[in-house]
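Reader: I would like to learn how to read aromatic contacts and pockets in a model of this kind. Could we take the two topics in turn?

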Amino acid sequence: MYNLQGLIRKNIVNANMQFEKLGYVSSNVANYNTNAYKPVRFETILSEDGYLSGEVRTDFDQGSLKLTQRNFDIAIDGAGFIPVTSETGEVTYTRDGALKLDKDGYLITNDGHIVGDGIKIPVNYYQIIIRKDGTVENMDSIGAKPEVLGKIPLVNFPNPEGLKLVNGNKYVATQESGEPVLMKSQEQILQGYLETSGTNIYNSVNDVLRLNASMIASSKLMKVIDDMYYKAINLTE
């Protein structure tokens, strides 16, 4: 009787682990078109007693760079995060460089977060140039000396995997990630590009199918164990 209860408990725990892993894989698939999204891996470990445990890891490898030729699109070709500030004052960090202007002319993310300390673009700008070091300049006319409007900062962390994801492509610092460190000699900002999602859609779909099959097998095993448990009870009557 104890062995049957142990099998039931073990199967429930392991099935829950598989279900949790399926959630992370599904999130990766859902964010396939999210700029600069970093896929999450839920690594399962089988202990000696047969129980599964899991650990979440984020893959911060460089995503592919897509040419857009839009003035306010930027991609980070290498390490680093752009600090952005919400309307409530919360500072988060992102690699999504799909930027635009708000009603006051400030450079913001697509969801309205101010970039850096606030970079205001004049209404009558002629041409905006974003240098590799993040310097934002305005050309008033052909041949004119560029006017420096500000600089898009980049920061890095001692342990980027310790960052906490707050939505598709924004993170907040944690004790595990360490405090942000300003990158003083950055030369990796590319204007007119965007970093694509790091999700490998083929591997992710394969994982979804495999996990689904595993969970079906776990359900069938639970049914077999339940039948054995029921018969064992009846034998004692």
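Author: In this predicted model, the count of aromatic pairs comes to six. One of them joins F81 and F157, whose rings are 5.8 Å apart centre to centre with 70 degrees between the planes, and since planes over 60 degrees apart count as edge-to-face, that is how this pair is classed.

Reader: Which parts of the chain does the pair of F81 and F157 tie together?

Author: F81 sits in the loop between β4 (74-76) and β5 (82-85), while F157 belongs to the loop between β13 (155-156) and β14 (164-167), so the contact links parts that are 76 residues apart in sequence. Both F81 and F157 are buried. F157 also pairs with Y93, and because their ring centres are 5.1 Å apart and their planes stand at 85 degrees, this pair is edge-to-face. Y93 lies in strand β6 (residues 91-94), so its pairing with F157 ties together parts that are 64 residues apart in sequence. F60, F81, Y93, F157 and Y171 form one aromatic cluster.

Reader: Is Y93 buried or exposed?

Author: Y93 counts as buried, because its relative accessibility is 10% and the limit for that class is under 20%.

Reader: How should I read the largest pocket, and which residues lie nearest its centre?

Author: Rolling a probe the size of a water molecule over the atoms shows where empty space is left. Here the largest pocket has a volume of about 250 Å³, and of the 16 residues that line it, N28, P39, V40, R41 and D207 lie nearest its centre. The elements that give two or more residues to this lining are α1 (2-30), β1 (40-46) and α2 (201-235), with β1 giving the most, five residues. By class, the lining has four nonpolar, seven polar and five charged residues.

Conventions: Residues numbered from 1 in each chain as written. Predicted model: local features only at pLDDT ≥ 70, side-chain atom pairs only at ≥ 80, totals over all residues. Heavy atoms only, no water. Phe/Tyr/Trp six-rings, centres within 6.5 Å; stacked < 30°, edge-to-face > 60°. Helix = DSSP H or I, 4+ residues; strand = E, 2+ residues; numbered from the N terminus. Buried < 20%, exposed > 50% of the residue type's maximum accessible area, 1.4 Å probe, protein only. 1 Å grid on protein atoms, 1.4 Å probe; cavity = no way out; pocket = protein on both sides within 12 Å on 5 of 7 lines; lining within 4 Å. Points joined across faces, edges and corners; volume = space filled by probe spheres on them. Nonpolar A, V, L, I, M, F, W, Y, C, P; charged D, E, K, R; others polar.
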